[in-house]
Amino acid sequence: MEFQKICKAMEGPSIYPHEVSVVERRDTHISSVFLAGEWVYKLKKPVDLGFLDFTELDSRLRFCRREVELNRRLTQGVYRGVVAIVADSAGSLSLVDEEDPRAERAGEYAVKMRRLPEDRTLAHLLEEGEIGAAEARALGRRLAGFYREAARGREIDRLGDWNTVRKNVRENFEQTEGYLDSLLDRDLWMVIREASLGFLERERDLFQRRVEGGRICEGHGDLRAEHVYFSDGIQILDCIEFNERMRYLDPASDLGFLHSDLLMRESTGISARVLESYAFESGDFELYRLLDFYACYRAMVRTKVGCLRSDQLSGAEQEELRRQIAGHLRLAFECALAFARPTLWVVCGLPATGKSTLGRSLANLFSLPLHTSDGVRKQLAA
């Protein structure tokens, strides 16, 4: 079946096996989503973008099933299953459950989801000023519990280690280089690239320590405010199903994505509460050493996705996307400046007020080297 013909049929109410008055279509660079009454249907576009390949029908079915399975980890009663799109003898299209015998004639597949209220997304609630410290801390605890129970193992460690992080970072720059000067500011892009690759080289031991400490797990991969719903508890949708090396990660990477998204939304305080709650719940204060790096990396992911999406748009839509791309690149640059240069933390105060104790505690929490004035004097005297 022709994909665009299927999408055209999905835009009308007659294809659906339930009552629908209005259908709303939304597209990303990899999906076509149809909001139909109380339900949502998500089709995967037959595209090959290097980091994913949906060109074959069998692969689209496999990844539809994987999407349902993985997203049930952070949702309750949202992901209902996979439906098949079939044609009858007259060529009319209909949706049937995957278990239906007619599904053997499927020309396409879609993920079926229960529709959640859009005014309950974290993104919308932030705009309305309806998210406070309590909700932010609840999200931090929810995420800490998720990563604590997430799958771990040798293969997950391998795909979440320093080599894979470096590959992912380099891929961002390789796939955006062709957009320099047309969509991307060359000078900002080069600073971000050099800062990111430099940090990876300087902090290789830190990344290895995270692996050895059991931090790498099967995470979410696309943790953004628009994917978080405060509805029937906290529901988090749309994890990465199509590429394991983007889902097998350090939780600091997921949290860096959410942090960068909240920075773009000028919600620094909410991000701080989420991170604080997560750190105390998980005992992982070392994540702060990686936060700016991963926020930069994730802002570059958004930059890359915007560039790829721009090839599918024109006119006013493309102009709006160009503005968003520039914003994500600027954020990546600002985050890069935060980790491009070493930072010195100084604890000072009157004698016997606990400076050394506080310094040791901070060094232990964040895995930082500690230098004391007494120690420096002894080294100089020697």
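Which residues in helix 4 meet helix 9? The legends below start there. This is a predicted model, in which local features need pLDDT of at least 70, side-chain atom pairs count only at pLDDT 80 or more, and totals for chains, interfaces and linings use all residues. Residues are numbered from 1 along each chain as its sequence is written, and side-chain values use heavy atoms, with hydrogens and water left out.

**View 1. Helix 4 against helix 9.** Leu139, Leu143 and Tyr147 of helix 4 meet Pro251, Asp254, Leu255 and Leu258 of helix 9 (contact means heavy atoms within 4.5 Å). By class, this contact has six nonpolar, no polar and one charged residues (Ala, Val, Leu, Ile, Met, Phe, Trp, Tyr, Cys and Pro count as nonpolar, Asp, Glu, Lys and Arg as charged, and the others, Gly among them, as polar). The axes of helix 4 (residues 133-149) and helix 9 (residues 251-264) come within 11 Å and cross at roughly 150° (axes are lines fitted to C-alpha atoms, for helices over the stretch in contact, and angles run from 0 to 180 degrees between N-to-C directions). Helices (H or I, at least four residues) and strands (E, at least two) are DSSP runs, numbered from the N terminus.

View 2. Six strands line up in the order 1-2-3-6-4-5, with antiparallel pairing (two strands pair if DSSP finds at least two bridges between them). Strand 1 (23-27) and strand 5 (93-97) stand at the edges with a single partner strand each, so one side of each is left without a neighbour in the sheet. From one strand to the next, the twist averages 30°.

**View 3. Strands 4 and 6.** Strand 4 (residues 79-87) pairs with strand 6 (residues 108-114) in the antiparallel sense over six bridges. Here Ile85 stands opposite Glu108 in strand 6.
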